[in-house]
Amino acid sequence: MISKWNYLPLTPEERLIEEQLVTKFASCPAVARLLVRRGVATQEDVQAFFSPSLSRLHDPFLMRDMDCAVERLNSALGGKEKIMIYGDYDVDGTTAVALVYRYLRQFYSNLVYYIPTRDDEGYGISIQSIDYAKTIGVTLIIVLDCGIKAIDEIAYARSLGIDFIVCDHHVPDDELPPAAAILNPKLPGDKYPFKGLSGCGVGFKFMQAFAISNNFTNHYELNNMLDLVAVSIVADIVPLTDENRVMCHYGLKRLNTNPNVGLRSIIKLCNLGKKEITISDIIFKIGPRINASGRMESGQESVELLVTQDAVKAMEISKRIDRYNLERKELDRQITIEANEIIDRHRQKLEGKKPIVIYDPSWHKGIIGIVASRLSELYFRPSVVLTMSNGLVTGSSRSIRGFDIYSAIKSCRDLLETFGGHTNAVGLSMHEENIDEFRHRLTEYVEAHIDDEQITPAIDVDCELQLAEVNISFLRCLRLFNPYGPGNTLPVFITRGVTDAGTSHLVGHSNEHIKLEIVDPSTTRVYHGIAFGLADKFPIVSSGKPFDICYTIEESHRRGSKSFQLMVKAIRPAE
């Protein structure tokens, strides 16, 4: 239950910027406030924000090692070498492999793709995959969305005469693998202007540089693959700012007009063909299905789906993947229940600022990351979920707002066999006898570095409104803020001093939600809203006294007309 509303009025400097921008949005002054919150400071910034352009993508050669990567790839093509496109088994990895493979096969046929199995090979580059590459004559491996820590594996590949080009976006260690080239905007000293690319995004920049180096002036085919990049950006929860905002904007356009054959089959299977596909559809429908293959069976099937040009074959694969997704949902439900039971039995261990670290050797390795996310959201604690796989304890961790889980896990690296990831999510493995010490050391680190505010349920508010400001014109302006995601979240508003119109009531099977019908002094119009799971706040609503609401705005289309409702996230008595 949200207990704190974080709302900071604009600073004097921000107010000056707002005054300069508000003339452009005279009918919707709140839009200027929202833009300032997002760091938009000039009319040029407004143009870039509201009208994303592919011309604003950064020069790929600004990325460290890009010239070396392109030179090695061109050399392989010129020497007719066999090239393997290798990637992680999640959405980001499989879309990245599909993009690079599809783009290169237009010019070159001596290509194969490879996705490691989660259970047998685990995350990253496996010795097994390198041995396989050697047997089929591969001399260059382009690895996507992993590889930045594969020092021993890439050294082994070099001893066999196999070069690597690493395209990754995970946090690197001090020591880098001995690859022919490493493309990662997070490398120390890398001057690439944007650090938030997805793994597929790094692959896109590599292909962009390859095209430039070969004087390909028509980038139509590459830009047509931005639907894959958009899916990766959304599924991997990277910032939806800068280049990612541009690529996601055009990728969504592609998804809604002419997506690739594999994505089209998933869209059809999800019954999304007759509606506008949104970020939410990627998060809850498209992404989980692509992910399900790597979680339950093999990510190789996802790549097969995304590279095929045969609509019948694509639908067959999509149906199999859909079955995997149903299995994944059931396992997810079961493991989440079991995890919550463990936490309930040891609830005192969560007192203070302690993280969640739970272990069950029977849990499915492909599901623990999802469960860790659910636990972090439910308990407002960094969470680590561990299981047993191939003789090692394997884990996934998820963080909470503002806490760097990567640094926390790194502080225990002497207890770990492997680890890697981002500030918000880390994968790891260790020997079973190290679990207790790992839990102890991680708890010490978290308690020393986390703030009480970070484990307090809170909501960040963008802007204060009067109800009269919420109208169809304002909704039209809000639409321009899409696509939403990290760094550009769905705007959250606060309206103070609203009152019940006398018709608000409880709804739901157990009367757990409130159907709101409210007014405020700025208008005589009755505004409709829904407050999911907030039935305990109904006495505040029905008291007849003013109350404050915190909400987002959802557009709806009914019988050919557009309307909206307030999605109320929190309610409190008026201050």
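D310 caps the N-terminal end of α15: one of its side-chain oxygens lies 2.9 Å from the backbone nitrogen of V312. Helices (H or I, at least four residues) and strands (E, at least two) are DSSP runs, numbered from the N terminus. This is a predicted model, in which local features need pLDDT of at least 70 and side-chain atom pairs count only at pLDDT 80 or more, while totals for chains, interfaces and linings use all residues. Residues are numbered from 1 along each chain as its sequence is written, and side-chain values use heavy atoms, with hydrogens and water left out.

How far apart are the end C-alpha atoms of α15? They are 50 Å apart, which agrees with the 51 Å that its 35 residues (311-345) should span at 1.5 Å a residue. The expected span of a helix is 1.5 Å times one less than its number of residues.

Now meet helix α13 (residues 279-296): its axis and that of α15 come within 8 Å and cross at roughly 75°. That makes α13 roughly perpendicular to α15. Axes are lines fitted to C-alpha atoms, for helices over the stretch in contact, and angles run from 0 to 180 degrees between N-to-C directions. Angles under 35 degrees count as roughly parallel, over 145 as roughly antiparallel, 65 to 115 as roughly perpendicular and the rest as oblique.

On the α13 side, the contact (heavy atoms within 4.5 Å) is made by P288, R289, I290, A292, S293, R295 and M296. On the α15 side, I321, D322, Y324, N325, E327, R328 and L331 take part. By class, this contact has seven nonpolar, two polar and five charged residues.

### Buried or exposed?

Buried means under 20% relative accessible area, exposed over 50%, and partly exposed in between (1.4 Å probe, protein chains only).

| Residue | Relative accessible area | Class |
|---|---|---|
| T552 | 8% | buried |
| S504 | 8% | buried |
| V171 | 21% | partly exposed |
| N511 | 40% | partly exposed |
| I237 | 60% | exposed |

T552 lies in strand β18 (residues 547-558). Not counting residues up to four places away in sequence, T552 touches L490, P491, V492, Q565, L566, M567 and K569.

S504 sits in the loop between β14 and β15. Which side chain does the side chain of S504 meet in a polar contact? The partner is the side chain of D500, at 2.7 Å. A polar contact is a pair of N or O atoms within 3.5 Å; within protein, one must be able to donate a hydrogen and the other to accept it, and residues adjacent in sequence count only if both atoms are side-chain atoms. A polar atom of the S504 side chain also lies 2.9 Å from the backbone nitrogen of E517.

V171 is in the loop between β5 (163-167) and β6 (181-183). Leaving aside neighbours within four places in sequence, the contacts of V171 include I148, K149, Y406 and H422.

### Backbone details in the loops

I237, in the loop between α10 (226-235) and α11 (242-257), has a phi near 55°, a positive value in a residue other than glycine. N511 also has a positive phi, of about 55°, although it is not a glycine; N511 lies in the loop between β15 (505-507) and β16 (513-520).

Finally, the peptide bond from N482 to P483 is cis, with omega near 0°. P483 belongs to the loop between α19 (472-479) and β14 (493-500).

Conventions
Nonpolar A, V, L, I, M, F, W, Y, C, P; charged D, E, K, R; others polar.
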